[in-house]
Amino acid sequence: MRLQRKRWFQVLRPISPRANLVIGCLSFLVPILIWALVSYVPWIWHPQVLITNPGSVDYLQVGMRMDKEAFAGEAADAVAEKRKPPQGIPANPIYLPAPHEVARALYTSFTTPPATQDGNWLHQSLWHSIQIIFWGFVISSAIGVPLGILCGTYAAVARLNEPFIEFFRYLPAPAFGALAVAILGIYDGPKITIIVIGTLFQQVLIVANTTRKLDIGLVEAALTLGAKDARKLLARVVIPGILPDLYRDQRILLGWAWTYLIVAELIGTTSGITWFITQQARYQHFDNVYAAIIMIGILGLGTDMLLALMGRRLFPWDRSLGKTA
């Protein structure tokens, strides 16, 4: 066991496939175990009482939750006045449902009709949000990747663009929400714009930095062999040379796009997974709120794992893609 621990914690050395699987499973099992302990073990953290019998206290109802101190006070007053005391069981606040409740909500949220007539099913909300992410990231990449490559390749282009980009990337994307609505209307345009603004300027700088890390020896060898055309150098040397790192950058930046989704969907019309979460929280269906949040995580992680698998197939010579997958 001691030798195994040493193998797990060797500096800058990979671990075995078995250890990789075990530790990867633990990264999910440990938080779930903590959540289960907090939910099912009363003496760990149950600050409230779930009323099972209101007794002689008029304002209490079955299923109501109240703080332990307030419940103890009401019970003591009832006993002192020789009235029937209320009864209850230890419980967590309503905003922290138990794991089995969220697991049940993951199923029922797909089978339960919307609470309002104009509401959307969970799968409809998810699909709408996926489209927002897709178009926002596609537009951002269509501009950011070519500009980043040019900035990383040519110092003059970098000097012309990067000072302004460095300034603009510190501006919070949600601050442009009102302006985006005024220009693009109240539908999906402003949402896509927020995702573009949130990822584009970071993308240019990251891609430019990746391009600068290209081995200059490859460019010098191409020049020695007679490649004088700048367009050919870009197309046949620079871009192929950075493709694995560029692909990894795009995976990371796609995760950033997901982080802007909730803010983006608060702008303009109410739609997407954000609207579903807001509606469920309004009716205090927090098990559905957790289910929707978990679905976002599953979609994001699933997409990243799929992209990692594709990266290993597209760039089998690049070992770093295998390390980050």
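This is a predicted model: local features need pLDDT of at least 70, side-chain atom pairs count only at pLDDT 80 or more; totals for chains, interfaces and linings use all residues.
Modeller: Residues are numbered from 1 along each chain as its sequence is written, and side-chain values use heavy atoms, with hydrogens and water left out.

Biologist: Let's start with the sheet. What makes β1 and β2 a pair?

Modeller: Strands here are DSSP runs of E with at least two residues, helices are runs of H or I with at least four, and both are numbered from the N terminus. Two strands pair if DSSP finds at least two bridges between them. Strand β1 (residues 48–53) and strand β2 (residues 65–67) have three bridges, in the antiparallel sense, so they meet that cut-off. In this pairing, Q48 stands opposite D67.

Biologist: And how do you know that β1 joins β3?

Modeller: By the bridges again: five of them link β1 to strand β3 (residues 87–91), and the two run antiparallel. I51 faces G88 there.

Biologist: Why are β2 and β3 said to stand at the edges?

Modeller: The open sheet has three strands in the order β2-β1-β3. β2 and β3 each have a single partner strand, so one side of each is left without a neighbour in the sheet. Neighbouring strands are turned by 40° against each other on average, direction ignored. Helix α3 (residues 68–80) packs on this sheet and touches β1, β2 and β3, with its direction at about 90° to that of β2.

Biologist: Which residues of α5 and α12 meet?

Modeller: L122, S125, L126, H128 and S129 in α5 meet G272, I273 and F276 in α12. By class, that contact has four nonpolar, four polar and no charged residues. The nonpolar class is Ala, Val, Leu, Ile, Met, Phe, Trp, Tyr, Cys and Pro; Asp, Glu, Lys and Arg are charged, and the others, Gly among them, are polar.

Biologist: What makes α10 and α13 roughly antiparallel, then?

Modeller: Helix α10 (residues 230–259) and helix α13 (residues 286–314) pack at about 170°, with axes 10 Å apart. That angle makes α10 roughly antiparallel to α13. Y247, R251, L254 and W258 are the α10 residues in the contact, and the α13 side includes I296, L299 and G300. The class count for α10 with α13 is nine nonpolar, three polar and two charged.

Biologist: Why is S129 called buried?

Modeller: Buried means under 20% relative accessible area, exposed over 50%, and partly exposed in between (1.4 Å probe, protein chains only). S129, in helix α5, has 1% relative accessibility, so S129 counts as buried. Leaving aside neighbours within four places in sequence, S129 is in contact (heavy atoms within 4.5 Å) with L261, E265, G272 and I273.

Biologist: And why is K82 called exposed?

Modeller: K82 has a relative accessible area of 80%, so K82 is exposed. K82 lies in the loop between α3 and β3, and has a positive phi of about 60° although it is not a glycine.

Biologist: Why does Q284 count as partly exposed?

Modeller: Because Q284 comes in at 47% relative accessibility, Q284 counts as partly exposed. Q284 sits in the loop between α12 and α13, and its phi is near 60°, a positive value in a residue other than glycine.

Terms used:
Axes are lines fitted to C-alpha atoms, for helices over the stretch in contact, and angles run from 0 to 180 degrees between N-to-C directions. Angles under 35 degrees count as roughly parallel, over 145 as roughly antiparallel, 65 to 115 as roughly perpendicular and the rest as oblique.
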